[in-house]
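Dear colleague,

Please find the structure below, handed over for your use.

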Amino acid sequence: MKHLFIIAYLFSLSCFSQAEEEPQTKDSLAPKLENIKWISGNWKGEAFGGQTEENWSEPSGGSMMATFKLINDGKVSFYEIEIIREIENSLILQLKHFDHNLKGWETKNETVDFPLKKITSNQVIFKGMSFEKVSDNEMNVYVDIKNDDGKVEIVKFNYKK
C-alpha cells in the first residue's frame, strides 16, 4: 500500500509530457468547454491495482469539475479534485490530491497543472494528460508518470460509464 502512495505522489510531482507541442491542424477544435463536454459523466475503471471512479460535471460557469477516487481492498487510497477551466483563450486542467482522510498532498495554494495542447472531435490533449473518446460510454485517459528510474511511463485508465 505504501508503494501505491509513493507512485501516486510521484505522479502529483512529476507529470509532464514526452511529446513536443501538437501542431494545430484542420481537425483541431477551438479551446472551448463545449467541445469537450463528452468527458462529463460517471466513469469507472481499474488502475494501480484497484477500482477507480471519476465523475465529471457538464460545463458551467466557465469550468468543468471532477472528483476521483481509488479504492484498494475495499478502502479508499486517495482522492483528487480536478477542474478544467477556460483561461486566456485556452483550457487548463488543474488538480489536487488528498489522502483517505482528506489531508492534502500539495501545499495550500499549489495545484498540479496541465496546459492544453490540442482538441479534436475525440481527443483532448493536455501537456502530461490526455482524454480519448472511444464511444459515448467509454473513454481512455493517458497520464505521463515519472517512475522510480526517472523514466516517463504513460499510464492508461480505461473508463466506462
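From the N terminus, the order of elements is α-β-β-β-β-β-β-β-β-β-β.

This is a predicted model, in which local features need pLDDT of at least 70 and side-chain atom pairs count only at pLDDT 80 or more, while totals for chains, interfaces and linings use all residues. Residues are numbered from 1 along each chain as its sequence is written, and side-chain values use heavy atoms, with hydrogens and water left out.

The ten strands close into a barrel in the order S1-S2-S3-S4-S5-S6-S7-S8-S9-S10, with antiparallel pairing; two strands pair if DSSP finds at least two bridges between them. Strand S1 (residues 41-47) pairs with strand S10 (residues 152-160) over two bridges, in the antiparallel sense. Within this pair, lysine 44 stands opposite lysine 160 in S10.

Of the 161 residues in the chain, 41% are buried (under 20% relative accessible area, 1.4 Å probe, protein chains only). Not counting residues up to four places away in sequence, phenylalanine 131 touches Ile39, among others including Trp38, Trp56, Leu93 and Met139; a contact means heavy atoms within 4.5 Å.

Yours sincerely

Terms used
Helices (H or I, at least four residues) and strands (E, at least two) are DSSP runs, numbered from the N terminus. Buried means under 20% relative accessible area, exposed over 50%, partly exposed in between (1.4 Å probe, protein chains only).
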